[in-house]
Amino acid sequence: MTQLNTIQENLRVIQKRIEHACKRCNRDAQSVKLLLATKTVSPDRIKYALKVGYTLIAENKVQELKEKYNDLLDTPHTNHFIGHLQTNKIKDLLKCNVACIHSIDRLDLAEKLQQRLEYENKTIDVLIQVNTSLEESKFGIHPDKAIELVKQVAKLNRLTIKGLMTIGRFSAEEYLVRHCFVRLRNLRDEIKALHLPNVCMEELSMGMSQDLEIAIEEGATIVRVGTAIFGERIYPDSYYWNEQRA
Ligand SMILES: *Cc1c(COP(=O)(O)O)cnc(C)c1O
């Protein structure tokens, strides 16, 4: 039981952190959605967070999403997907009722997704993942190529581009982290000004346990939080995106 109480307490702390950050930059706290990053978290513990009143959750791996899917069916929630997506996993992903994929970072992936969605007569929301830190270990399209990718993906009528996503640099130097988020916001503004059909740039998915305040100050509308709610993970981040945290 203590573990579950801890999740509730952690959620309260995160909510306060979001509210304080919003206050500092004159934003409405309602304008920031909290997404629970649930990789390695058991269905029981996810359900507990959902029962506290949060509804938006996301996995990193299709296999893990599949494994937990049935256990979570009777607890109302919305699934997003935030991990690197291989084209051969698209079919399985679409079985799990995912509302939005945050990690579209290449045209062939978007095209394969379009094909499968046509076949199933479905549509999906997506975000374009941008590698704002320019670290080789991170997934995402290079910022200089992001606008071209958005233009191409915009032609795929089964996908609606809702905005952009990034993972900020893991660094103790705040300005380096902030630079990533500023870069994503500037890209968002540039794309918005193009008024592309099938593209609405309302979401900026950025900010995690360590840097959500900076992300909110720079315009995040979705913060993705795992560790600060569910505790340290048993797998290192390198298991998810080839990286050791500094
Ligand atoms: C795990 C994960 C998060 C959350 O990271 P924490 O540091 O645990 O808050 C956010 N985004 C992505 C893409 C993740 O894989």
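Residues are numbered from 1 along each chain as its sequence is written. Because the model is predicted, local features need pLDDT of at least 70, side-chain atom pairs count only at pLDDT 80 or more, and totals for chains, interfaces and linings use all residues, while side-chain values use heavy atoms, with hydrogens and water left out.

The protein chain has 10 helices and 8 strands. Helices (H or I, at least four residues) and strands (E, at least two) are DSSP runs, numbered from the N terminus. Along the principal axes, the C-alpha atoms of the protein chain fill a box of roughly 50 × 40 × 35 Å.

Strands S2 (residues 56–59) and S3 (residues 78–81) run parallel and are joined by 4 bridges. Two strands pair if DSSP finds at least two bridges between them. Glu 59 has Phe 81 of S3 as its bridge partner. Helix H3 (residues 62–72) forms a right-handed β-α-β unit with S2 and S3. A crossover is right-handed if, with the strands pointing away from the viewer, the path from the first strand over the helix to the second runs clockwise.

S3 also pairs with strand S4 (residues 98–104), in the parallel sense, over 3 bridges. Here the bridge partner of Phe 81 is Ile 101 in S4. From S3 the chain passes through helix H4 (residues 90–95) to S4, and this β-α-β crossover is right-handed.

The ligand is surrounded by 14 residues (a heavy atom within 4 Å). The closest are Lys 39, Ser 209, Arg 224, Thr 227 and Arg 233. The shell holds 6 nonpolar, 4 polar and 4 charged residues. In this grouping, Gly counts as polar.

Polar contacts are pairs of N or O atoms within 3.5 Å. A polar side-chain atom of Ser 209 lies 2.5 Å from a ligand oxygen atom. For a polar side-chain atom of Thr 227, the distance to an oxygen atom of the ligand is 2.5 Å. Gly 226 uses a backbone N or O atom, 2.9 Å from a ligand oxygen atom. Taken alone, the ligand exposes 380 Å², and the protein buries 100% of that (Shrake-Rupley method, 1.4 Å probe).

Technical notes: A polar contact is a pair of N or O atoms within 3.5 Å; within protein, one must be able to donate a hydrogen and the other to accept it, and residues adjacent in sequence count only if both atoms are side-chain atoms.
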